[in-house]
Amino acid sequence: MEMTTILHSSLTNPPFTAHLSPSKFPRSFSTPFRLRTSLSFSPSLPPKSFPANCSVSDDTTSSNVASVDLSIALKKKATDVSADLRGTSIFLVGMNNSVKSSLGMLLADLFRYYYFDSDALVSEAAGGESAAISLKESDEKGFRESETEVLKQLSSMGRLVVCAGDGAVQNSTNLALLRHGISIWIDVPLEMVAKGIIGNKSLLLSSEITISGSYSEVLSQLMALYEDMRRGYATADATVSLQKVAYQLGYEDMDAVTTEDITMEVLKEIERLTRVKKMMEAAARPF
């Protein structure tokens, strides 16, 4: 299927948000893992009442309040950033993992952008995930050309959040295409990525891990792949590290970092980048 046809058929629908029916989009546009977010909170609903003999712990109440506060803060921050963002697309790079895909969908929801996974589009164009893997094994050059064509189409549009596959950082042509938007490296510890691959084999296409083995085997391959990709990842406009976010929030366990937590850090980086660009444009204007 032609890539232009695939993109056109999706963009004729309203911007993807968590509230739209997934059936309106090709199956491959949806990531297999999705975190539940606190944005499902609706301030218009009446507060939930509890029986008189039911007690709610202070910890539970505090957690719920914090979740609601973060939801409101995310919406406010996204609204503030949108004005200077002016429809600029956002490309998320880094090892393929559920953190990156969940973050991408939440960002799209906050900005009212379209969400795409570049690897899913490559699979769609090839005729499915199995066909894409076969193409990659039999015709590496053709597969890479498909990745470039996907990025070329996406970079020509606006108002997109794109989870970019590893092919996006493997050559200068693709890196140049990312410059049409804001690129952010979502740096997730390899141990977490390896666990995700063990539990979800559909991540193998993006991460180029061809051997389905033990955790230690997958981790070893990821480490080698990371060394090859790190220089490309580092060309991103900004980096958001899951480990750093956990440290800043005082979490000993990185699994405690929520999609909303890392999304807030990404919004801050986008805000910083748009402000810098605005200042540079103002400085370039003649007196």
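Student: In which sense do strand β1 and strand β3 pair, and over how many bridges?
Tutor: Keep in mind that this is a predicted model. β1 covers residues 90–93 and β3 covers residues 160–163.

Student: What is the strand order of the open sheet, and which strands stand at the edges?
Tutor: The sheet is open and has five strands with parallel pairing, in the order β2-β3-β1-β4-β5. A strand with a single partner has one side left without a neighbour in the sheet, so the edges are β2 (114–117) and β5 (238–241).

Student: How much does the sheet twist from one strand to the next?
Tutor: Good thing to ask of a sheet ordered β2-β3-β1-β4-β5. From each strand to the next, the twist averages 20 degrees.

Student: Which strands does helix α3 touch, and what angle does its direction make with that of β1?
Tutor: Helix α3 spans residues 98–111 and packs on the sheet. Its contacts are with β1, β2, β3 and β4 (182–187). Relative to the direction of β1, that of α3 makes an angle of about 170 degrees.

Student: Where is the kink in helix α10 centred?
Tutor: Helix α10 runs over residues 215–233, and its kink is about 40 degrees. Buried residues of this helix include L225, Y226 and M229. The kink itself is centred on E227.

Student: How many aromatic pairs are there, and why does the pair of W185 and Y226 count as tilted?
Tutor: The count comes to three aromatic pairs. For W185 and Y226, the ring centres are 6.4 Å apart and the planes stand at 40 degrees. Planes under 30 degrees apart would be stacked and over 60 edge-to-face, so at 40 degrees this pair is tilted.

Student: Is W185 buried or exposed?
Tutor: The cut-off for buried is under 20% relative accessible area. W185 has 9%, so W185 is buried.

Student: How far apart in sequence are the parts tied together by the pair of W185 and Y233?
Tutor: This pair is tilted too, with 5.5 Å centre to centre and 35 degrees between the planes. Ring pairs link W185, Y226 and Y233 into a cluster. W185 lies in strand β4 and Y233 in helix α10, so the parts tied together are 48 residues apart.

Technical notes: Residues are numbered from 1 along each chain as its sequence is written. This is a predicted model: local features need pLDDT of at least 70, side-chain atom pairs count only at pLDDT 80 or more; totals for chains, interfaces and linings use all residues. Side-chain values use heavy atoms; hydrogens and water are left out. Two strands pair if DSSP finds at least two bridges between them. Helices (H or I, at least four residues) and strands (E, at least two) are DSSP runs, numbered from the N terminus. Axes are lines fitted to C-alpha atoms, for helices over the stretch in contact, and angles run from 0 to 180 degrees between N-to-C directions. Contact means heavy atoms within 4.5 Å. The bend at a residue is the angle between axes fitted to the seven residues ending there and the seven starting there. Buried means under 20% relative accessible area, exposed over 50%, partly exposed in between (1.4 Å probe, protein chains only). Rings of Phe, Tyr and Trp (its six-membered ring) pair if their centres lie within 6.5 Å; planes under 30 degrees apart count as stacked, over 60 as edge-to-face and the rest as tilted.
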